[in-house]
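Open the model in your viewer and show it as a cartoon. This tour goes from the whole chain to a sheet, its helices and a few other stops.

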Amino acid sequence: MNHFPIFLNTSGRRIVLSGGGDAALAKLRLLMKTQAHITVFAVDADAQISAWADAGKLKLIARAMEPGDAMCAALFYGADEDPVEDKRTAAIAHADGALVNIVDNLADSQFITPAIVDRDPVTIAIGTEGAAPVLARAIKADLEAKLPTSLGTLAAIGKAFRKAADALPFGRARRDFWRDYYFNAGPKAIAGSVEAVQPALDTLLADHLMKTARKGHIAFVGAGPGDPELLTLKARKALDEADVVIYDRLISPEILELARREATMIDVGKEAFGPSTPQETINALIVEHGLKGAQVVRLKSGDATIFGRLDEEIDAATDAGLEWHIVPGITSASAAVASIGQSLTKRGRNTSVRFLTGHDMQGFADHDWKALAEAGQVAAVYMGKKSARFVQGRLLMHGIDPATPVTVIENASRADQRVLSTTVAEMEPTISNANLAGPALTFIGLAPRSAVTALPEIPMPDLAQEAR
């Protein structure tokens with residue numbers, strides 16, 4: 001991120017622009033929505049700019065800029081559409097202490113103006129750092145179509161009501177009130193008339209003041225294999241609601257970014273055969289925050305019900321008298337098998353599939369290796385990098401065909417996914433020599449389908465149509 005997004009208060013401050021043509025007009029239409037004092041320098045200004053000046057909307061000075069003209073200005077726009085003149089005026093503005101933007105010249109600009117969705121006072125800024133302005137405009141059009149024009153009115157009324165809402169306890173109680181207003185009571189009231197919104201707010205506040213504080217609750221959420229687009233809608237909602245997120249080592253940064261900025265983020269990563277947070281500590285953290293009244297998300301990689309020690313954490317929550325629910329996620333085996341174009345079961349080949357975990361090799365003795373060694377059987381070995389030689393030895397000991405395919409998928413579903421294809425006879429030392437660094441899932445009995453290539457990106461229809 002080269003351009004840090006901020007919202008600058010321009011009320012009562014100077015904004016200076018040099019230029020009087022089309023580029024100047026485009027910027028001024030946006031700038032005049034602010035409460036800034038706008039000064040335009042132009043030898044030959046468009047008639048519309050002159051009309052705005054006559055109406056008192058801006059100050060027009062009919063000459064070229066000179067040193068000192070941008071003194072005390074917060075922002076300067078070079079819109080002369082002449083590289084030489086833009087460079088000259090930008091140097092003046094820079095010397096006068098203003099932040100400089102030269103229209104259509106990203107390299108020499110200190111800031112950029114994003115595409116804006118205006119539902120004043122709700123403002124959404126969209127920037128691509130100059131890389132794809134057409135895409136920014138497409139996203140803007142898509143958002144404008146989805147956001148009702150009444151949103152700005154609701155926000156303006158809500159802003160004036162904020163002091164009254166401070167009667168509610170800070171944190172979740174206030175968030176629940178405002179969520180109820182913006183997504184329920186407010187839209188219903190404004191559908192009748194703007195005048196109906198204020199009474200609806202008064203009634204809503206009275207209702208929320210009478211409510212008892214929401215009890216702590218634990219959501220055991222499956223985060224999927226890592227691709228944020230594979231996160232379920234329920235999981236997204238849980239993250240948005242969470243006061244505390246207790247997450248595993250394998251949760252991707254892109255998914256953690258979806259949590260509220262104010263949420264407390266606690267890393268309890270466990271690493272097979274390496275440093276780890278004791279399960280008792282994780283249980284204690286869940287209970288501690290739940291008893292404080294927090295909405296806790298226990299975020300687990302893949303599906304929380306598969307090799308996630310979920311029952312121990314549920315028992316801890318239940319023993320503490322806490323309510324909980326489970327949000328299932330896409331397990332790594334489903335994402336990994338999809339990436340190689342195969343299916344976990346196939347008519348005439350296998351009617352069952354085994355999920356094994358290589359993290360607990362002591363439990364391997366309980367598996368029916370003889371049945372797994374039969375032709376056509378399929379197994380998915382989670383966390384199996386360290387146990388590959390053990391699995392290979394057990395299968396060969398029970399008579400598996402050494403040529404049986406083995407596929408290892410590292411970082412399934414993520415941008416850095418890697419697929420390693422081998423056989424039972426060669427799985428070790430092949431897996432060790434591959435130096436797998438990320439989470440890996442091993443399929444016994446499946447090979448990548450030969451037709452599988454990199455999956456094409458599917459564009460969002462609305463944006464694609466706009467971009468054309």
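**The whole chain.** Start with a surface view. The protein chain exposes about 25300 Å², and carbon and sulfur atoms supply 55% of that area. Accessible areas come from the Shrake-Rupley method with a 1.4 Å probe; for residues, only the protein chains shown count as cover. This is a predicted model: local features need pLDDT of at least 70, side-chain atom pairs count only at pLDDT 80 or more, and totals for chains, interfaces and linings use all residues. Residues are numbered from 1 along each chain as its sequence is written, and side-chain values use heavy atoms, with hydrogens and water left out.

Zoom out. Along the principal axes, the C-alpha atoms fill a box of roughly 90 × 60 × 40 Å. The chain's radius of gyration is 30 Å, while a compact globule of 468 residues would have one near 23 Å. That radius is taken over C-alpha atoms, and the globule rule is 2.2 Å times the number of residues to the power 0.38.

Colour by secondary structure. The protein chain has 17 helices and 17 strands. Both are DSSP runs numbered from the N terminus: helices are H or I with at least four residues, strands are E with at least two. Of the 468 residues, 43% count as buried. Buried means under 20% relative accessible area, exposed over 50%, and partly exposed in between (1.4 Å probe, protein chains only).

**The sheet.** Select β8 to β12. They form an open sheet of 5 strands in the order β10-β9-β11-β8-β12, with parallel pairing. Two strands pair if DSSP finds at least two bridges between them. β10 (264-267) and β12 (323-327) are the edge strands; each has a single partner, so one side of each has no neighbour in the sheet. From one strand to the next, the twist averages 20°.

**Strand β11.** Which strand does β8 (residues 217-222) pair with over 6 bridges? It is β11 (residues 295-300), in the parallel sense. Pick I218 and find its bridge partner V296 in β11. Then pick G222, whose bridge partner is K300. Strand β9 also pairs with β11 in the parallel sense, over 4 bridges. There, I246 has R298 as its bridge partner.

Now check its cover. 6 of the 6 residues of β11 are buried, so the strand is largely enclosed by the rest of the structure. Q295, V297 and L299 lie on one side, with V296, R298 and K300 on the other.

**Helices on the sheet.** Select α11 (residues 279-291). Helix α11 lies across β8, β9 (244-247), β10 and β11, at about 155° to β11. Angles run from 0 to 180 degrees between N-to-C directions; axes are lines fitted to C-alpha atoms, for helices over the stretch in contact. Next, select α12 (residues 310-319). Helix α12 packs on the sheet and touches β8, β11 and β12. Contact means heavy atoms within 4.5 Å.

**A loop stop.** Go to T331, in the loop between β12 and α13 (332-339). Is T331 buried or exposed? At 9% relative accessibility, T331 counts as buried. Leaving out residues up to four places away in sequence, T331 touches G302, D303, I306 and Y382.

**Two last stops.** Select α5 (residues 151-160). Its buried residues include L151, L154 and I157. The buried residues of α5 pack against β6 (115-119), β7 (122-126), α6 (162-165), α7 (172-192) and α8 (197-210).

Finish at α1 (residues 22-31) and α2 (residues 47-54). Their axes come within 10 Å and cross at roughly 35°. A24, L25, L28 and R29 in α1 meet Q48, I49 and W52 in α2.
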